[in-house]
Every structure is written in structure tokens, then in C-alpha cells.
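Let's take a walk through this protein together, from its overall layout to a few individual residues. Please have the model open as you read.

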Amino acid sequence: QVQLVEFGGGSVQAGGSRKLSCTASGYSVGNYFMAWFRQAPGKEREGVACIGANTGTTYYAGAVKGRFTISQDNAKNILYLQMNSLKPEDTAMYYCAADAYVPSANIVWSRQDRYRYWGQGTQVTVSS
């Protein structure tokens, strides 16, 4: 059974950094497409970053490119999101998601309907 649990959320001042973790069980993160999504109050859930299965190819939303880095530790079976230069508009609930197969990932990686497995989310609040 695939399970995902996020950690690392909290409050941070604008310009600061935060690192989120997502522990996975029931499968190997290296063999799955892994992604981070976020949802701010009153807004739709949006894709933040994705790392491809077996390739390590990464994809980022324009709003976070250059500030956020997605990575994974295959030995520990953990997905990470390093967030730097945080802005108040980064405030959201952050979710990790996974699926074994995301065809045309370069086009659809940010679509939440492409992922079957989800964590419960961790809140990140950035104050100005």
C-alpha cells in the first residue's frame, strides 16, 4: 500500500528558506513520478515541481523556478522540496503526490489528476 507523509511545514519570514520532506512507503520513490503541489486558501491546487521516474528529470512551475529545488533520496525513500527566497504568495498547504506512470510528463506533470497517491499536506506560512 502506497503511503505518503509530508513534514517540515511551518512559519517563515519572507526571504527565508524551508525544506519539506515526504516520506514514502509501499514503493521506491526512484521508480515513481513524484511531485509537489500546493493549495492556497480560495485557490485551486497547483503543481509546484516534479521529478521523473527513473530519470531524475525535474520540472518546475514558473512561479518557483530558480527558488525551489525538488530532489529525492532513494536510499531513504524520501522526497524533498527545498524552498528559498520565500514570498508571502508561497503561503499554502503543500502536498506530495506520486504515480508510477505519468505519460507525457513534460506536458502534464502539473495536473493533479495524473497522480493517484497523495499525502495529507503540510502548511507553509510566509509572513512579510
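Predicted model: local features only at pLDDT ≥ 70, side-chain atom pairs only at ≥ 80, totals over all residues.

Residues are numbered from 1 along each chain as its sequence is written, and side-chain values use heavy atoms, with hydrogens and water left out.

Let's begin with the fold. The protein chain holds 11 strands and one helix, taken as DSSP runs numbered from the N terminus (helices: H or I, at least four residues; strands: E, at least two). Reading from the N terminus, the order is β-β-β-β-β-β-β-β-β-α-β-β.

Next, the dimensions. The C-alpha trace spans about 40 × 30 × 25 Å along its principal axes. A compact globule of 128 residues would have a radius of gyration near 14 Å, so the 13 Å of this protein chain agrees; that radius is taken over C-alpha atoms, and the globule rule is 2.2 Å times the number of residues to the power 0.38. Of the contacts between residues at least 6 apart in sequence, 59% join residues at least 24 apart, where contact means heavy atoms within 4.5 Å.

Now look inside. Buried residues account for 47% of the 128 residues (buried is under 20% relative accessible area, exposed over 50%, partly exposed in between, with a 1.4 Å probe and protein chains only). The largest nonpolar core has 41 residues, and those with the most contacts inside it are Tyr27, Met34, Trp36, Leu81, Tyr94 and Tyr115. Elements giving two or more residues to this core include strand E4 (33-39), strand E8 (78-83), strand E9 (92-99) and helix H1 (105-108). Such a core is a set of buried Ala, Val, Leu, Ile, Met, Phe, Trp, Tyr and Cys residues joined through side-chain atoms within 4.5 Å.

Finally, the two exposed sites. Threonine 55 sits in the loop between E5 and strand E6 (58-60), and counts as exposed because its relative accessibility is 58%. Serine 128 lies in the segment after E11 and, at 85% relative accessibility, is exposed too. Its C-alpha atom is 6.1 Å from that of glutamine 13, although 115 residues separate serine 128 and glutamine 13 along the chain.
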